[in-house]
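This briefing is for a reader who is new to the structure. Please look over the sequence and the model before reading on.

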Amino acid sequence: MDVLWMIPLLLLMIIPLLMCTSSTFVFYFKKFFYVAWMMVLALIAIPLCILKSGGRDIENMRIIRFMVRHVKYLLGLRFEVSGWEHLQTEGPYVVISNHQSSLDVLGLMEILPDRCTTIAKKELVYAGTVGLICWLGGIVFINRKKTSDAKSVMADAAKTMLDDQIRLWVFPEGTRNQNGDLLPFKKGAFHLAVQAQVPIIPVVFSSYSNFYLRKEKQFKSGVIRLKILPKIETKGMTSDDVSSLSDKSFDLMRAAFLDISDSITRSNGPVRH
Ligand SMILES: CCCCCCCCCCCCCCC(=O)SCCNC(=O)CCNC(=O)[C@H](O)C(C)(C)COP(=O)(O)OP(=O)(O)OC[C@H]1O[C@@H](n2cnc3c(N)ncnc32)[C@H](O)[C@@H]1OP(=O)(O)O
Ligand SMILES: CCCCCCCC/C=C\CCCCCCCC(=O)OC[C@@H](O)COP(=O)(O)O
């Protein structure tokens with residue numbers, strides 16, 4: 001019994017010691033803490049969302065946004081946001097942003113407009129309490145392995161955007177990427193905006209490479225710059241315009257990414273279709 005009491009005491013002594021001496025320990029500790037804390041927050045948010053809205057409802061994103069806002073402090077991260085005025089756009093729109101890591105959720109919650117939810121891979125719904133809270137927040141799940149299914153879900157989403165006056169946040173790279181540049185954009189977000197005839201608002205996260213390096217197992221404190229760019233109108237566009245709309249958005253976002261990123265470890269040049 002006496003020995004059991006000593007375990008938490010020992011942990012309380014060893015963890016700060018390791019935090020001061022081993023950057024690899026800090027990396028794993030912060031990653032574990034992030035996932036575990038998000039799971040706990042989701043567990044708390046689930047009954048709140050059910051009580052407030054009775055089930056799946058985009059208004060639950062307000063609760064989720066509120067619950068997540070403090071997590072940046074616990075991980076030693078700070079956001080510098082510019083271009084707030086571009087989000088002051090009435091009605092539905094599509095937000096597009098680059099995608100480096102699951103930490104992007106913190107930036108997303110930092111600036112998430114009202115009545116805005118995201119498009120996510122369907123696997124996320126199975127992520128325990130986080131999956132359930134994503135479902136309650138109205139997140140639209142797509143099957144990336146079946147393009148025809150994903151296209152039809154997104155066509156429905158275009159209709160819902162207009163019927164329910166909602167905004168959708170899409171990661172057009174389609175996967176997480178930390179190669180020091182943007183991946184070529186998938187087309188879904190642009191079809192979505194053109195089908196709904198709503199503007200696109202590009203948002204750029206600066207490179208995380210000055211504080212978070214997956215291969216080198218480093219997760220330091222740091223600043224993330226978030227740049228919200230002016231909206232791109234799609235009124236009058238058709239599916240023929242999707243490629244040029246995607247290219248234009250890519251060029252604008254890449255220029256902003258390079259501009260706001262301090263240190264860029266670019267292994268390859270930009271890859272274009
Ligand atoms: C309290 C605690 C709280 C915790 C809370 C946590 C909250 C978490 C929220 C955050 C979640 C974040 C999750 C992020 C992700 O999951 S990112 C991964 C999933 N997202 C995406 O993949 C979106 C981007 N992908 C696309 O848009 C793709 O285009 C896709 C629709 C998936 C199709 O994929 P693919 O076939 O690989 O892509 P292509 O772009 O090459 O398209 C192939 C052809 O189809 C045409 N196309 C595409 N979409 C459409 C469409 N909607 N309508 C018509 N046609 C379409 C496209 O033009 C291509 O044809 P052509 O080559 O042009 O002829
Ligand atoms: C039953 C237990 C399952 C545990 C699973 C843990 C799930 C993670 C929990 C908390 C992390 C915080 C919020 C995570 C939101 C992550 C969204 C995300 O970044 O998904 C990745 C997706 O964009 C692209 O996936 P890939 O890069 O293609 O792969």
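Which element gives the largest share of the shell around ligand 2? Helix α2 does, with three residues. The model is a predicted one.

**Helix α2**

- Helix α2 runs over residues 23–53, which makes 31 residues.
- From the first C-alpha to the last, α2 reaches 43 Å, close to the 45 Å expected at 1.5 Å a residue.
- A bend of about 25° occurs in α2 at A45, and the proline P47 follows within four residues.
- A45 is also one of the buried residues of α2, together with K30, M38, A42 and C49.
- An α-helix has 3.6 residues a turn, so residues three or four places apart point the same way.
- The cover over the buried residues of α2 includes α3 (60–68), α6 (128–136) and β8 (218–219).
- After α2 comes G54, which has a positive phi near 80°.

**Surroundings of ligand 2**

- Ligand 2 is surrounded by 13 residues, and the closest are S102, A127, G128, T175 and R176.
- At least two residues of this shell come from α2, and at least two from α6.
- By type, the shell around ligand 2 holds seven nonpolar, four polar and two charged residues.

**Surroundings of ligand 1**

- Around ligand 1 there are 36 residues, of which A120, K186, K187, G188 and H191 are the closest.
- Two or more residues of the shell around ligand 1 come from each of α2, α3, β3 (116–121), α6, α7 (147–164) and α8 (188–196).
- Helix α7 gives the largest share of the shell around ligand 1, with five residues.
- The shell around ligand 1 consists of 25 nonpolar, six polar and five charged residues.

**Helix α5**

- Helix α5 spans residues 104–111, and D104, L106, G107 and L108 are buried in this helix.
- The buried residues of α5 pack against the helices α3 and α4 (71–74).
- They also pack against the strands β1 (77–82), β5 (167–170), β6 (200–205) and β9 (222–228).

**K227 in strand β9**

- K227 lies in strand β9.
- Is K227 buried or exposed? K227 counts as buried because there are 20 C-beta neighbours inside 10 Å.
- Leaving aside residues up to four places away in sequence, K227 touches S82, G83, V204, A256 and I260.
- Between K227 and L106 there are 14 Å in space, C-alpha to C-alpha, while the two are 121 residues apart in sequence.

**Annotations from UniProt**

- An unreviewed UniProt entry gives the annotation "transmembrane region" for residues 32–51 and 124–142.
- In the model, residues 32–51 are 100% helix and 0% strand, and their end C-alpha atoms lie 30 Å apart.
- Residues 124–142 are 47% helix and 16% strand, with end C-alpha atoms 10 Å apart.
- The feature "domain: Phospholipid/glycerol acyltransferase" is placed by UniProt, in an unreviewed entry, at residues 93–208.
- Over residues 93–208 the chain is 38% helix and 20% strand, and the end C-alpha atoms lie 27 Å apart.

Conventions. Residues are numbered from 1 along each chain as its sequence is written. Chains are lettered from A and ligands numbered from 1 in the order in which they are written. This is a predicted model: local features need pLDDT of at least 70, side-chain atom pairs count only at pLDDT 80 or more; totals for chains, interfaces and linings use all residues. The expected span of a helix is 1.5 Å times one less than its number of residues. The bend at a residue is the angle between axes fitted to the seven residues ending there and the seven starting there. A residue is buried if 20 or more other C-beta atoms lie within 10 Å of its own, exposed if 12 or fewer, and partly exposed in between; C-beta atoms are placed from the backbone. Two residues are in contact if their C-beta atoms, placed from the backbone, lie within 7 Å. A residue is near a molecule or strand if its C-beta atom, placed from the backbone, lies within 6 Å of it. Ala, Val, Leu, Ile, Met, Phe, Trp, Tyr, Cys and Pro count as nonpolar, Asp, Glu, Lys and Arg as charged, and the others, Gly among them, as polar. UniProt positions are given in the numbering used here, feature names are shortened, and annotations may be inferred rather than shown by experiment.
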